[in-house]
Amino acid sequence: MSTPLQDAPPAGGVWDEVVGQDAAVAQFRRAASPGGSLAQAWLVTGPPGSGRSTAARAFAAMLQCETGTGCGHCRACVTTVAGTHPDVTVVATDKLSIAKEEVRALVMTAQRAPATGRRRVLIIEDADRMSAGTFNVLLKSIEEPPPATVWMLCAPSAEDLAPTIRSRCRLVTLAIPSAQDVSALLQRRDGVEAGLAVRAARAAQGHIGLALRYATQDGALAAREESARSLLSLRSTGQAVLAAQALVERATAEAKEHADQVALEDKERFLRSAGIEDGKVPPALRAQMRQLEEDAKRRQTRLVRDVLDRYLLDAHSVLRDVLSRHLGTGAELVNIEVEPEIDQAAAHSTGHITLALLDAVQEARERISGNVPPLLAIEALLARIAVSHR
Ligand SMILES: [Zn+2]
């Protein structure tokens, strides 16, 4: 058995953007190498922002690459990464769930032989957003894929998928990329200035997309800092209720703005493709228009939850900083900008209390993802934090 990777040069090429994932990259490269065994169904797991879909696309590029390495320069690599390779199909959703029809269409595509490439690769981002019925549509094709087909499912964790699907996939687990790795990527890929890249990467805690936003969106870092400060200054239930209201209102407004924008683009695209110029939708197409409106609502619901979850992750990082002061670990704070407030909070509570609050944050995240009205969950959490700070 040969071990072609022992003297392999650094991955490079399409792997350049897959940061902090040496083990996963080695696993992919081994599987695609001449002596490797290529599984036909893969499950790429990792926390949001760790680069699951980037890794899946890089692997797809490697499978299509004219040199078989994922060189990053050949036509196959370039089109795969750009999302235009005819034999690589990506399904992503910004809604609460992936529609069964979408997966059905994907299964049909999976049956077709590759048009130009050596393989047909199907990538499902957010594969955790499928209902049991949709999983069943997928199952058959994953059980017995056509010879040239490779499925790649991406999800936060293996437990997010039905066991029947999970057990048929080769698992690749991504790590949370380090702040150093993310900061280096922002500097190299996006030309972000070093100091800002370090701050943005630290605040984003391993979420690459979020780090980029912090580095490029005016006021985003300052707003995060402000919300950390206000979390630590809560002193009464009344303040907590007001803060929760303001937070949910802000999240809703942010989500609505984005969802409205996407809905408008969807509608224009639909009208254009139907050849309607005066905006008058004939009766036969009204059901489709209604579907677009439904989609917009679901998209907004999911976005509100995403925005609030990001807030809760930030709150978690603040409390963890407080805990590290209790424990005297000397670890560098994530929220170094509010260090005085963190020291003060640590002086007025105990490690025991802070640990309980960290649990409460996790509980709030679970409640929101389990359909508890966000305002209720956030109010309860902030009230608890306020009372503990007195
Ligand atoms: Zn290539």
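Glutamate 226 and arginine 229 form a salt bridge, their closest N and O atoms lying 3.7 Å apart; the term denotes a side-chain nitrogen of Lys or Arg within 4 Å of a carboxyl oxygen of Asp or Glu. The structure shown is a predicted model, in which local features need pLDDT of at least 70 and side-chain atom pairs count only at pLDDT 80 or more, while totals for chains, interfaces and linings use all residues. Residues are numbered from 1 along each chain as its sequence is written, and side-chain values use heavy atoms, with hydrogens and water left out.

Both partners sit in helix H10 (residues 220-232), three residues apart and thus separated by about one helical turn; helices are DSSP runs of H or I with at least four residues, numbered from the N terminus. Glutamate 226 is partly exposed at 44% relative accessible area, and arginine 229 is partly exposed at 27% (buried means under 20%, exposed over 50%, partly exposed in between, with a 1.4 Å probe and protein chains only). Both residues also belong to a salt-bridge network that links Arg199, Arg202, Glu225, Glu226, Arg229, Glu332, Glu337 and Glu341.

Aspartate 343 lies in helix H13 (residues 339-347) and arginine 325 in helix H12 (residues 286-327), so the contact ties together parts 18 residues apart in sequence. In total, the structure holds 25 salt bridges.

Note on methods
Helix = DSSP H or I, 4+ residues; strand = E, 2+ residues; numbered from the N terminus.
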